[in-house]
Amino acid sequence: MDRFDYREGRLYCEDLAAADLARRFGTPLYLYSAGTLRRHYRKLASAFSAVEPLICYSVKVCSNIHILRLLKDEGSGFDIVSGGELHRVLEAGGDPAQCCYAGVAKTDDEIRFALDAGILLWNVESEAELENLARLARETGRPARAALRVNPDVDPKTHRYITTGKRETKFGVDLERAERVFGDFAASSGSKHVALTGVQAHIGSQITTVEPYVQALEKIVALIDRLRAAGHEITTLDFGGGFGADYESGEALEARAFAAAIVPILEGRRLKIIMEPGRFIAGNAGILITQVQYVKAGGDRTFLLCDSGMHHLIRPALYGSYHHIWPLEPGEDFVPEQRTRDEVFPGTEAVDVVGPICESADFFAKDRHLPPTARGDYLAVFCAGAYGMSMASEYNSFPRPAEVLVDGSQARLIRRRGTYDDLVAPERDVGD
Ligand code: LLP
C-alpha cells in the first residue's frame, strides 16, 4: 500500500531512514513518499482506463505545490474548492483547463478569478449559484461550462462529518429538483452564457465499500437518461472522490475493486467521466514525525508528551479517527507486520500520545500499546498524508511543520518550517 517499511528495526521511507531525515530537517515533520503518490495515481488511472476518466486530484487533501506538480506530471487535473486552491494549481504549473470547481459558497471574486483562468468545469451547488455564475459569465464575456452537483441521498457509511451525499447535508441539489433546475435554466437567458451539460456528485470520504457508489451512480445515470429524454445535452459525469485509504492494514479497497463495480455502470454512455480522488492517492503517502519531549505518569496513565498535536493533525480530535503510531527506531524486536489497533505486541505498554496544546482534545491516540519509549524518541503517525498538513493551523502560536518529499534516495524540502516571524508578519504594518 505504501513505501514506509521497517528494515533492521528502523522505519524507511523509500530508500531513506526516516530518523535520519528527522535529525536532518527537525520535527514536527511531514514526510511524503513520491513513489507512493505515483503508485496510487497510476492504480486509479489503470483500473478506470476503460472509461478514460479525467482524474482531478482533490487539492484540499494535501495541497503543497510540489505534490500538485508531481501529480500534474502524472497527467492529473485538479478538483478545487476555492480561489486559493486555484492559485496553488496555477503556481504548480497545473492546467486550469483540467480543473473542476466545487464548493457551496463561491464568492464573486472567486468566480471572476476562475472565469479568467478558464477552468474546465463548474460544479454548481444551487440554483442561486447558477444564476450568479451566468451573470458573471455575461459581465466578463467568458462563457462557462457547468455540471449540477446532485445529492443522490445515499449513505456512504462513513463518519457523519464527512458524509456529503445524504439529503440532510448542505451539498448539491436533490435528484427530484435537479430536473426542474435543468428545465428552468434552459429556458432562461443564463443559458446563453453557461452551458449546463454535466452532472456531478460527491457522496462522502473514506468510503471502503462499493455499494454506495453503485447506488448513487444508478440513480444518477437514470437522471441523465431522463434529462436527455427531455432534450438536454449531457456530456459529462463527475462522480467525485471518496475512495478510502488504509489507516489500518487491509481497510482500503483496491482501485480495481471500485472499478469493477463502477465501470460497468458508466461504460458506453457517451459521457466524459471525471473523478476527484484525494485521500486514496495521498493518505498512505505521508507520515507525521513527532519527537517525544517528556514521558509522564498521570493518574493511572502514561503520557507521551510530543512536539506535535491536534494543531498539525486534527483528525483524531475532530473525527475520533485512528492513526497507527510506532517509533521510527523501535529495534528489531518491535517490528509489527500489520498496522492495526487489535494486535497487542509483546513487551509494549499502554500510553496516551498527546501534544503540547492546551486542550484535552489534543491527542493522537489513547491507550495505545507502544514499545518502551523515552524522551527524544521519534514517533511516526501513519497515514497522515491526507487532510494532515492541509488542515494544520498555528493554534497556540506553534509555527507550522516542515514538509519533505522523498523520491528513491533523494529527500527534498518542499515547505520550510514555519518561523516565529511567519506568525506575526500578516499583523505588522496594517495601519496605525
Ligand atoms: N471532491 C469533493 C467535492 C470533495 O468535497 C472532496 C472531499 C473530495 C472530492 C475528495 O474526497 P476524498 O477522495 O479525499 O475522500 N477532512 C476530512 C475529509 C473531508 C472531505 C472533504 N471533501 C478527513 O480528514 O477525513
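**Entry 1: the cores.** I kept in mind throughout that this is a predicted model. I looked up the largest nonpolar core and found that it has 126 residues, with Leu31, Phe48, Tyr57, Trp122, Phe239, Phe243 and Val353 listed as those having the most contacts inside it. Residues come to this core from both domain 1 (4-32 + 284-422) and domain 2 (34-282), so the core lies between the two domains. I also noted a second, separate core of 6 residues, which includes Leu54, Cys100, Leu121 and Ala147. As background, nonpolar side chains tend to be buried together in soluble globular proteins.

**Entry 2: around Trp122.** Which residues are in contact with Trp122, once its neighbours within four places in sequence are left aside? I found Tyr101, Lys106, Ile111, Ala114, Leu115, Leu133, Ala144, Arg145, Ala146 and Ala147. Ala147, another contact of Trp122, is a member of the second core.

Entry 3: I traced an open sheet of 3 strands in the order β1-β2-β3, and its pairing is antiparallel. The edge strands are β1 (4-7) and β3 (16-17), each of which pairs on one side only. Between β1 and β2 (residues 10-13) I found 4 bridges, and Tyr6 has Leu11 in β2 as its bridge partner.

Entry 4: Glu14 is in the loop between β2 and β3, while Asp153 is in the loop between β9 (144-151) and β10 (173-174). Are these two residues buried or exposed, or partly exposed? Glu14 has 2% relative accessibility and counts as buried because the cut-off is under 20%, whereas Asp153, at 32%, counts as partly exposed. I also found a cis peptide bond joining Thr27 and Pro28, with omega about -5 degrees, and I placed Pro28 in the loop between α1 (18-25) and β4 (29-33).

**Entry 5: the aromatic pairs.** How many aromatic pairs does the structure hold? I found 12. In one of them, Tyr213 and Phe258 are arranged edge-to-face, at 5.6 Å centre to centre and with 80 degrees between the planes. Tyr213 belongs to helix α8 (residues 211-229) and Phe258 to helix α9 (residues 255-266), so this pair ties together parts that are 45 residues apart in sequence. Tyr213 is buried at 2% relative accessibility, and Phe258 is buried with a relative accessible area of 0%. A further pair, Phe239 and Phe243, is tilted, at 6.5 Å centre to centre and with 40 degrees between the planes. Phe239 has a relative accessible area of 4% and is buried, and Phe243, at 4%, counts as buried as well. Ring pairs link Phe48, Tyr213, Phe239, Phe243, Phe258 and Phe280 into a cluster, and Phe48, Phe239 and Phe243 are also among the residues with the most contacts inside the largest core.

**Entry 6: a charge over a ring.** I finished with Lys366, whose charged end sits over the ring of Phe363 at 4.4 Å from its centre.

Key:
Residues numbered from 1 in each chain as written. Predicted model: local features only at pLDDT ≥ 70, side-chain atom pairs only at ≥ 80, totals over all residues. Heavy atoms only, no water. Core = buried A, V, L, I, M, F, W, Y, C linked by side-chain atoms within 4.5 Å. Buried < 20%, exposed > 50% of the residue type's maximum accessible area, 1.4 Å probe, protein only. Domains from an automatic or database assignment. Contact = heavy atoms within 4.5 Å. Pairing = 2+ DSSP bridges. Helix = DSSP H or I, 4+ residues; strand = E, 2+ residues; numbered from the N terminus. Phe/Tyr/Trp six-rings, centres within 6.5 Å; stacked < 30°, edge-to-face > 60°. Lys NZ or Arg CZ within 6 Å of the ring centre and 35° of its normal.
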